[in-house]
Amino acid sequence: MRQKIIVGNWKMHGTLADAHSYVKTLLPYLQSIEGKRVLLAVPFTALSRMAEWCSGSSVELGVQNIFDQEKGPFTGEISAFMAQDAGARFTLIGHSERRKIFHETDEWIHRKVVRALSCLQPIVCVGETLEERDTGKANEVIRKQIIGALHGLSMQEACRIILAYEPVWAIGTGMNATAEIANAMHKHCRSVIWELFSEEVSNKVHILYGGSVKPDNMESFVHQESIDGVLVGGASLDPSQFIQMIRHI
Ligand code: 13P
């Protein structure tokens, strides 16, 4: 049995005051939660204070991106090691907003995955556009993204990856995939991981669904056998909605 995971991705939202009031609502609730992982991908600016406020709680903090080098003349970038030093335990990699806006390629994402594995758990995001889905290319696109990101990893490294299937057309649109589409795509992701590594690895890797997940639709996803949890954007910004979703995972 794979453990259920819920990840909140705050994206570019929140002052320190917002973050502080969020944890004051969330943490008391988490004391009664067992057997599920609750992760928050926060802005870099909030990370070290969040790490202080969340210390001793079960919430795991992470970042939304890292650079692919350890240090050096890379103005404006943050390394995996720096993120870890500030309190991160995981990083999102290859989110569709980064692929689209910052032109991140599969090759670049691969380098980030390799770098992250030295000190953080990578959550690798994959997803097809509406055009790719409508033209029957979704499976092929996802296969290419997974192989591009994960090729060459050892079996042990591959087992530490969390994969997030986030169809681009469902992100921030209110147009979530049906639970059946999501489950079918998750099974496809597992078959690609099997092809790349082994059946054992494909059974161990956690795969999350993301894209317009809300308290009122999340149960349909987490009841699917191949879906191990959710990656939530907009609805994770409100701690009471996030708590409702933790409850149902
Ligand atoms: P929404 O939940 O706002 O659609 O965002 C999903 C997402 O991009 C999480 O990484």
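Me: Is Cys54 buried or exposed?
Reply: Cys54 is buried, because its relative accessible area is 4%, and buried means under 20%, exposed over 50% and partly exposed in between, with a 1.4 Å probe and protein chains only. Keep in mind that this is a predicted model, where local features need pLDDT of at least 70 and side-chain atom pairs count only at pLDDT 80 or more, while totals for chains, interfaces and linings use all residues. Residues are numbered from 1 along each chain as its sequence is written, and side-chain values use heavy atoms, with hydrogens and water left out.

Me: OK. How many disulfides are there?
Reply: The structure holds 0 disulfides, a disulfide being a pair of cysteine sulfur atoms within 2.5 Å. For Cys54, the nearest cysteine sulfur is that of Cys119, 19 Å away.

Me: Switching to rings. How many aromatic pairs does a search of the whole structure find?
Reply: It finds 6. Rings of Phe, Tyr and Trp (its six-membered ring) pair if their centres lie within 6.5 Å; planes under 30 degrees apart count as stacked, over 60 as edge-to-face and the rest as tilted.

Me: Why is the pair of Tyr165 and Tyr209 called tilted?
Reply: Because the planes are at 55°, with the ring centres 6.3 Å apart. Tyr165 is in strand β6 (residues 162-165) and Tyr209 in strand β7 (residues 206-210), so to speak distant parts of the chain, 44 residues apart. Strands here are DSSP runs of E, at least two residues, and helices are runs of H or I, at least four, numbered from the N terminus.

Me: What does Tyr209 form with Phe221?
Reply: A stacked aromatic pair, 4.3 Å centre to centre with 15° between the planes. Phe221 belongs to helix α11 (residues 218-222). Tyr209 is buried at 0% relative accessible area, and Phe221 is buried at 0% too.

Me: Last one: what does the side chain of Gln121 reach?
Reply: The backbone oxygen of Arg160, at 2.8 Å. The Gln121 side chain also has a polar contact of 2.7 Å with that of Arg37; such a contact is a pair of N or O atoms within 3.5 Å, where within protein one must be able to donate a hydrogen and the other to accept it, and residues adjacent in sequence count only if both atoms are side-chain atoms. Gln121 lies in strand β5 (residues 121-126).
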